[in-house]
Amino acid sequence: MNRKEQAMTEAFRFLDENRGAACSMSDRIGDNPELGGEEFNTAREFKTVLLEGGFQLEDQLLGLKTAFAARWGQGPVRIALLAEMDALPDIGHGCGHNLHGTASVYAALALARALHPQEAVVTLFGTPAEETQGAKAAMADAGLFDREDLALMFHCCSEINFTDYRSMAMDSLEFTFKGKTSHAAASPWEGRNALNGATLFFHALDMLRQHVKPTVRMHGIVTHGGAAPNVVPEEAKAHWYFRCPTREELNGLMERVFNCAKGCAMATETTVSWRHNETSFDHMMPNPPAEEAMGEVLKELGFKLSKGPGPSGSTDVGNVSRRCPALQPELAIWDRKVPLHTREFAETTKTPRAHETLIKGAKALCAMAIRVVFEEDLRERIRRAFLEQKEG
């Protein structure tokens with residue numbers, strides 16, 4: 001048995017032996033969901049087992065109260081595992097972060113058991129608020145992933161498994177229209193209706209939809225529309241998400257969106273301003289050598305693979321993929337279609353089938369990491385593909 005095979009055996013043995021602890025942790029977190037930036041109990045659970053596993057902890061990364069990095073080893077190859085933690089308002093863990101976050105933690109522990117310290121540096125990043133502010137984006141901007149040979153995690157899904165995950169670039173903006181208050185019945189002509197500006201903006205974007213590609217997504221809500229029906233609203237606010245398959249395409253779309261906003265303000269004799277109120281996400285940069293290698297790993301573990309559906313949704317892993325090679329396969333926790341961001345999906349994360357995916361998914365993360373550590377040619381091909389994508 002060579003060194004790579006020995007490490008694989010040790011990692012898989014650790015995960016089999018700790019199956020009960022990992023599944024219990026995932027279910028416990030699933031039963032006690034925490035919103036982005038407030039994942040105190042989840043982060044504490046993750047940090048406790050990592051410290052017990054010999055990792056050194058750097059807490060509150062970048063001043064974020066629940067972000068952390070746990071490191072082990074001092075070898076030349078660097079592997080980053082990403083652990084998501086946050087839940088959704090009212091729904092709970094309808095995106096499965098309790099399950100695949102736990103899988104990343106136990107994969108890191110298994111690698112620390114299987115590898116020699118001089119072979120690699122393994123870092124588990126606790127990454128808060130993927131659903132809102134996207135801590136991975138701030139970490140990427142700060143250069144925390146720049147030296148990594150591979151950053152990886154898997155994400156829960158249903159029905160199919162695939163390695164060629166693609167996400168959409170996304171900008172989140174708040175638009176504020178301002179007018180002039182007046183009595184809506186006695187002297188409406190004295191007022192300038194900010195809500196009219198915001199309402200017209202919704203119609204303008206609906207018309208813009210006719211002249212953008214089918215892959216573009218625009219969706220928004222009114223967050224403030226006035227104080228009373230008999231007062232002309234002097235301020236109205238709308239929160240919008242805009243998504244495109246690539247950052248470059250999204251930048252072009254936003255110029256058209258801003259023109260719509262300015263035109264609506266002019267038409268209603270109001271003013272408009274806007275601001276980014278959540279972190280912008282970049283699209284996921286593909287890495288074919290990494291996806292091919294992960295596909296081989298998953299097939300060996302018994303996963304049946306399908307081709308991915310193309311860009312859908314947005315994630316801060318896209319920002320990571322612009323700073324180092326990154327990989328996020330999607331692994332099913334149920335055989336039929338169960339939509340993400342639903343209460344049904346949150347409950348599905350606690351089924352025996354989901355527990356099986358947790359352990360097998362953690363094994364896949366370990367196997368991929370071990371291949372990168374011991375296969376220099378694969379490591380170089382992954383790095384070369386990353387650089388080609390960046391240059392392109």
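**Starting from a buried cysteine**

Tutor: Let's start with Cys 366, which has a relative accessible area of 0% and so counts as buried. Keep in mind that this is a predicted model. What about disulfides? The structure holds zero of them. Cys 366 is in no disulfide, its nearest cysteine sulfur being that of Cys 23, 14 Å away. Cys 324 is in no disulfide either, and there the nearest cysteine sulfur is that of Cys 366, at 18 Å.

Now for a helix, H12, which runs over residues 376-391. Its 16 residues should span 22 Å at 1.5 Å a residue, and the end C-alpha atoms sit 23 Å apart, so the two agree. Which residues of H12 are buried? They are Leu 378, Arg 379, Ile 382, Ala 385 and Phe 386. These cover an arc of only 130 degrees around the axis, so they lie on the same side of H12.

Six strands make up an open sheet with mixed pairing, in the order S1-S2-S4-S3-S5-S11. Its edges are S1 (56-59) and S11 (326-327), each pairing on one side only. At the S1 end, S1 and S2 (residues 68-72) pair in the antiparallel sense over four bridges, and Glu 58 stands opposite Ala 69 in S2.

One last stop is His 239, in strand S9 (residues 235-244). Is it buried or exposed? His 239 has 18% relative accessibility, so it counts as buried, though the cut-off is under 20%. Its side chain makes a polar contact of 2.8 Å with the side chain of Ser 172, and another polar contact, of 3.2 Å, joins the side chains of His 239 and Asn 277. Leaving out residues up to four places away in sequence, His 239 also touches others, among them Leu 173, His 219, Gly 220 and Glu 278.

Conventions
Residues numbered from 1 in each chain as written. Predicted model: local features only at pLDDT ≥ 70, side-chain atom pairs only at ≥ 80, totals over all residues. Heavy atoms only, no water. Pairing = 2+ DSSP bridges. Helix = DSSP H or I, 4+ residues; strand = E, 2+ residues; numbered from the N terminus. Disulfide = S-S within 2.5 Å. Buried < 20%, exposed > 50% of the residue type's maximum accessible area, 1.4 Å probe, protein only. Polar contact = N/O pair within 3.5 Å; in protein donor to acceptor, adjacent residues only side chain to side chain. Contact = heavy atoms within 4.5 Å. Expected span 1.5 Å × (residues − 1). Arc of directions from axis to C-beta.
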